[in-house]
Amino acid sequence: MRDPKQMEKSLTKIAEAMHKVEEVARSEIKTHADYMLVCSGLMAVTRNMYLEALGPYDTMHMFQAVADSIIATEEMLQEFKNDPPPTLH
């Protein structure tokens, strides 16, 4: 198992990178049509970087895992859409 301090550093690095990239991406969006154009650019960069880091076979599995997680999340949201929101105590 990973060292908890290393895990925390990794999570911090991910969060910081997400924040920076999202900030730059959003700054490129001027019209509604720009959303898909910017997302296409982000997808291409992500694909290229995964290919460099993992190679084609593992990149394919990474993208499949992302697609599967989207489907699972949407199915879960649909299942609970009519339930009242949880009460926070």
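Met7, Leu11, Ile14 and Met18 make a nonpolar surface patch of about 400 Å². A patch here takes residues with over 30% relative accessible area and no salt bridge; like charges are joined within 9 Å, and nonpolar side chains (Val, Leu, Ile, Met, Phe, Trp, Tyr) within 5 Å. Accessible areas come from the Shrake-Rupley method with a 1.4 Å probe, and for residues only the protein chains shown count as cover.

A word on the model. It is predicted: local features need pLDDT of at least 70, side-chain atom pairs count only at pLDDT 80 or more, and totals for chains, interfaces and linings use all residues. Residues are numbered from 1 along each chain as its sequence is written, and side-chain values use heavy atoms, with hydrogens and water left out.

Isoleucine 14 sits in helix 1, residues 4-27. Helices are DSSP runs (H or I, at least four residues), strands are too (E, at least two), and they are numbered from the N terminus.

Now the salt bridge. The rule asks for a side-chain nitrogen of Lys or Arg within 4 Å of a carboxyl oxygen of Asp or Glu. How many does that rule give? The count is one salt bridge. Its partners are arginine 26 and glutamate 22, at 2.8 Å, N to O. Side chains of opposite charge can pair when their charged atoms come close. These two, arginine 26 and glutamate 22, are four residues apart in helix 1, so about one helical turn separates them. Arginine 26 is partly exposed at 49%. Glutamate 22 is partly exposed as well, at 41%.

Next, the pocket. Rolling a probe the size of a water molecule over the atoms shows where empty space is left. The search uses a 1 Å grid over the protein atoms alone. A cavity is a set of points where a 1.4 Å probe fits but cannot get out; a pocket is an open set with protein on both sides within 12 Å along at least five of seven lines; lining residues have an atom within 4 Å of a point. Grid points are joined across faces, edges and corners, and a volume is the space filled by probe spheres set on the points.

The largest pocket has a volume of about 970 Å³. Its lining holds 23 residues, and Met18, Val21, Leu42, Thr46 and Tyr50 lie nearest its centre. Helix 1, helix 2 (32-54) and helix 3 (56-79) each give two or more residues to that lining. Which helix gives the most? Helix 2 does, with 10 residues. By type, the lining has 19 nonpolar, one polar and three charged residues. Nonpolar means Ala, Val, Leu, Ile, Met, Phe, Trp, Tyr, Cys and Pro; charged means Asp, Glu, Lys and Arg; the others, Gly among them, are polar.

Take tyrosine 50. Tyrosine 50 belongs to helix 2 and is partly exposed at 28%. From tyrosine 50 to lysine 9 is 41 residues in sequence and 20 Å in space, C-alpha to C-alpha.

Last, helix 3. Valine 66 is there, partly exposed at 41%. Alanine 72 is in helix 3 too, partly exposed at 43%.

Technical notes: Buried means under 20% relative accessible area, exposed over 50%, partly exposed in between (1.4 Å probe, protein chains only).
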